[in-house]
Amino acid sequence: MTELERIRHSAAHILATAILRVWPEAQFAAGPPVDTGFYYDVDLPHRITPEDFARIEEEMKTEIKANHPFERVEISRSDALAMAERGELASLAPRDTPSRFKLDILQNIPEGETITIYRNGEFTDLCAGPHVMRTGNIGAFKLTHVASAYYKGDENNPQLQRIYGTAFKNKTEMEKHFTMLEEAKKRDHRKIGREQQLFHIDESVGQGLILWTPKGSIIRQELQDFIGGELRKQGYSQVFTPHIGRLGLYQTSGHFPYYAESQFPPLIDRETLAGLSSEGCSCAELSNRVTAGEIDGYLLKPMNCPMHIKIFDSQPRSYRDLPVRLAEFGTVYRWEQSGELNGLTRVRGFTQDDAHLFCTEEQVSPEILGCLSLVRTVLSTLGMTDYRVRVGLRDPDSNKYTGDPANWDKAETACREAAKTLDVPFTEEPGEAAFYGPKIDFVVKDVLGREWQLGTVQVDYNLPIRFGLKYVGSDGKSHVPVMIHRAPFGSMERFTGVLIEHFAGNFPLWLSPEQVRVLPINDDPMVIEYCDAIVASLRGQGVRCERDTSPDSVNAKIAKAEQQKVHTMFVVGKRDVEAGNVSLRIHGKGNLGAKNKDEVMAEIVTAIRTRQA
RNA sequence: GCCGACGUAGCACAGUGGUAGUGCAAUCGAUUCGUAAUCGAUAGGUCACGAGUUCGAGUCUCGUCGUCGGCUCCA
């Protein structure tokens with residue numbers, strides 16, 4: 001534990017001390033340090049609100065001022081259990097009711113492990129430690145918000161109140177933290193998305209359904225063109241598939257009814273519905289019969305793989321054809337829980353930059369490497385270096401994974417070996433695999449520190465078997481191909497959301513919705529004519545360019561262009577016209593002075609074509 | 001989905017039971033300017049939606065929808 005973590009963990013104990021002074025009946029569960037501070041989970045009939053914070057913080061200050069030492073005591077299991085029974089753990093004094101969460105935690109500590117309690121002042125808690133020496137070592141703290149959490153993270157357990165706070169060595173450090181947080185919030189893609197009119201979510205359209213406005217659509221289109229070019233280099237074939245497919249397809253793949261609760265409900269045709277209704281079929285019956293496969297219907301596609309599988313399977317394949325790489329910007333729909341929806345990063349309809357590679361077993365490793373190199377090209381072009389790599393493996397204790405364990409072993413080994421070739425540290429995480437296979441994920445954090453999975457590469461021995469895919473090998477016999485699912489962006493929505501925050505809305509030239517704005521200093525016909533010629537020339541070369549036609553002052557025109565984060569500005573007055581120049585200004589870099597207009601335009605065209613950062 | 005907070009003009013916000021407000025944006029008019037906001041005027045609202053309490057509700061109560069923060073989930 002780092003010093004900061006010790007401070008925060010100790011602050012959690014002081015928080016509990018303070019809460020108990022006000023509400024002695026409080027029952028505490030867990031109170032660890034976290035990335036940005038600490039929390040303590042508490043069960044209490046009184047609902048703690050931010051209005052209570054001042055009072056709790058007062059009590060915390062008193063405890064810190066008292067400068068009690070944190071005292072570590074090793075005790076026997078039986079003594080600990082007895083203390084918990086008397087309500088003495090996470091408490092100031094013995095109580096009528098046992099410390100029930102502490103009792104539960106104690107019972108789950110393996111035999112033979114040392115059990116310790118920590119004391120500060122009157123407060124005693126079951127705790128492995130470590131802590132700071134004295135309560136006075138906490139230089140600065142603040143309660144931040146209150147939320148709720150299920151006990152042990154299990155939604156079948158009761159919900160506890162989770163009080164969040166943060167603590168630092170001193171006030172200066174804490175103020176720095178809050179300033180940084182304020183700055184981070186300014187980059188929030190939801191805020192920038194509205195300010196820059198990049199996208200819109202309209203409640204009459206539906207939760208989690210994105211309307212891409214013109215400016216956001218430009219960014220998305222540029223990203224698609226970028227990746228499309230890379231795919232051609234790597235020998236992919238573009239395909240298009242519909243947004244809905246018959247239920248049977250997803251029954252074969254295993255997505256229905258297994259994932260029914262995270263899908264939009266099936267579409268049943270009108271005649272079937274009318275027939276069932278005249279038979280007096282209830283909704284529950286209908287649902288059961290659809291699930292049982294007795295009634296056919298269509299599903300809004302939750303993923304693209306089954307359709308790509310059918311394209312692969314639409315003709316006989318030889319080992320000479322492999323690998324077959326089918327790519328599509330495929331839009332899928334998932335019924336995410338309403339509380340999970342978030343701007344562009346968690347939505348109900350999204351477009352994956354999807355592809356499925358069908359290959360022989362020998363081709364798996366090189367193909368995974370090809371996919372990984374694509375992801376890295378994408379991330380490095382965009383200057384995104386702050387990500388982590390996660391190898392998702394099956395959870396040995398779960399039965400949600402389908403297929404032969406031997407194949408799982410092969411697939412997991414392939415992923416692990418491929419991840420090693422990235423010169424980036426990665427973590428192996430059991431339980432993070434897809435139900436059909438292990439995967440390599442690229443994960444980034446948003447401005448609020450929440451992690452989002454972007455690029456992913458998944459190895460799948462199972463769906464080809466479920467769909468009975470085959471190819472003729474060099475031995476003349478039939479073989480089952482292996483499938484690789486991969487999406488370097490993950491989804492256009494989430495990636496764009498993360499990208500907005502990455503650039504704080506200041507996109508590089510090639511991605512900028514408005515690349516160049518020409519600002520005439522006055523409306524002298526000579527100046528306007530010159531400006532219009534520049535606009536026409538740039539547009540002719542595919543540059544997104546506008547002339548400011550407002551009657552505003554030059555200063556106002558510049559201010560507006562800067563606020564709208566227009567990448568490049570040409571300020572043009574009589575002096576420029578006479579010299580064949582433009583006064584170049586780049587967003588965030590200020591006035592760069594007069595330059596020859598043809599040279600500047602040529603530089604811009606090149607910078608766009610080479611996707612210069 | 002669960003717990004909590006919130007929902008007032010395009011945006012940011014004020015309005016603690018008694019006539020719906022401010023700034024920016026918008027529109028109109030004037031201004032023609034050399035690197036971050038020229039001046040003036042006008043317009044814009046079923047205070048999310050629905051019910052209730054009250055002589056009277058943006059304000060209090062309940063329900064619905066939505067947003068935000070967590071939790072759970074994320075093929």
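These legends describe an overall view and several close-ups of a predicted model.

**View 1. Chain A as a whole.** Chain A has 613 residues, and 50% of them count as buried. Its C-alpha atoms fill a box of roughly 85 × 75 × 60 Å along the principal axes. The chain holds 19 helices and 27 strands. Take the contacts between residues at least 6 apart in sequence: 70% join residues at least 24 apart. The chain carries 73 positive and 85 negative charges, and their mean positions lie 3 Å apart.

**View 2. The domains of chain A.** Domain 1 covers 3–183, and domain 2 is made of 211–243 + 302–503. Domain 3 spans 246–300, and domain 4 runs over 509–609. The centres of domain 1 and domain 3 are 50 Å apart, taken over C-alpha atoms.

**View 3. The salt bridge between R21 and E59.** The structure holds 43 salt bridges. In one of them, the side chains of R21 and E59 meet at 3.8 Å, N to O. R21 sits in helix α1 (residues 3–22) and E59 in helix α2, so the pair ties together parts that are 38 residues apart in sequence. R21 is partly exposed, at 30% relative accessible area. E59 is also partly exposed, at 25%. A network of salt bridges links R21, E59, E63 and E122.

**View 4. The buried pair D41 and R162.** The side chains of D41 and R162 form a salt bridge of 2.7 Å, N to O. D41 lies in strand β3 and R162 in strand β8 (residues 159–168); the pair links distant parts of the chain, 121 residues apart. Both residues are buried.

**View 5. D52, buried without a salt bridge.** D52 is found in the loop between β3 (37–43) and α2 (53–66). This residue is buried yet has no salt bridge. The nearest side chain of opposite charge is R55, 4.4 Å away. A salt bridge needs nitrogen and oxygen within 4 Å. Leaving aside residues up to four places away in sequence, D52 touches W23, H46 and R47.

View 6. The side chains of E195 and K191 meet in a salt bridge of 3.1 Å, N to O. The two residues are 4 apart in helix α6 (residues 189–195), so about one helical turn separates them. E195 is partly exposed, at 46% relative accessible area. K191 is partly exposed too, at 33%.

**View 7. Q352 and its contacts.** Q352 belongs to strand β15 (residues 349–359). With 12% relative accessibility, Q352 counts as buried. Beyond residues up to four places away in sequence, its contacts include N304, E328, F329 and G490.

Definitions and conventions:
Residues numbered from 1 in each chain as written. Chains lettered and ligands numbered in written order. Predicted model: local features only at pLDDT ≥ 70, side-chain atom pairs only at ≥ 80, totals over all residues. Heavy atoms only, no water. Buried < 20%, exposed > 50% of the residue type's maximum accessible area, 1.4 Å probe, protein only. Contact = heavy atoms within 4.5 Å. Lys, Arg positive; Asp, Glu negative; His and termini not counted. Charge placed at Lys NZ, Arg CZ, Asp CG, Glu CD. Domains from an automatic or database assignment.
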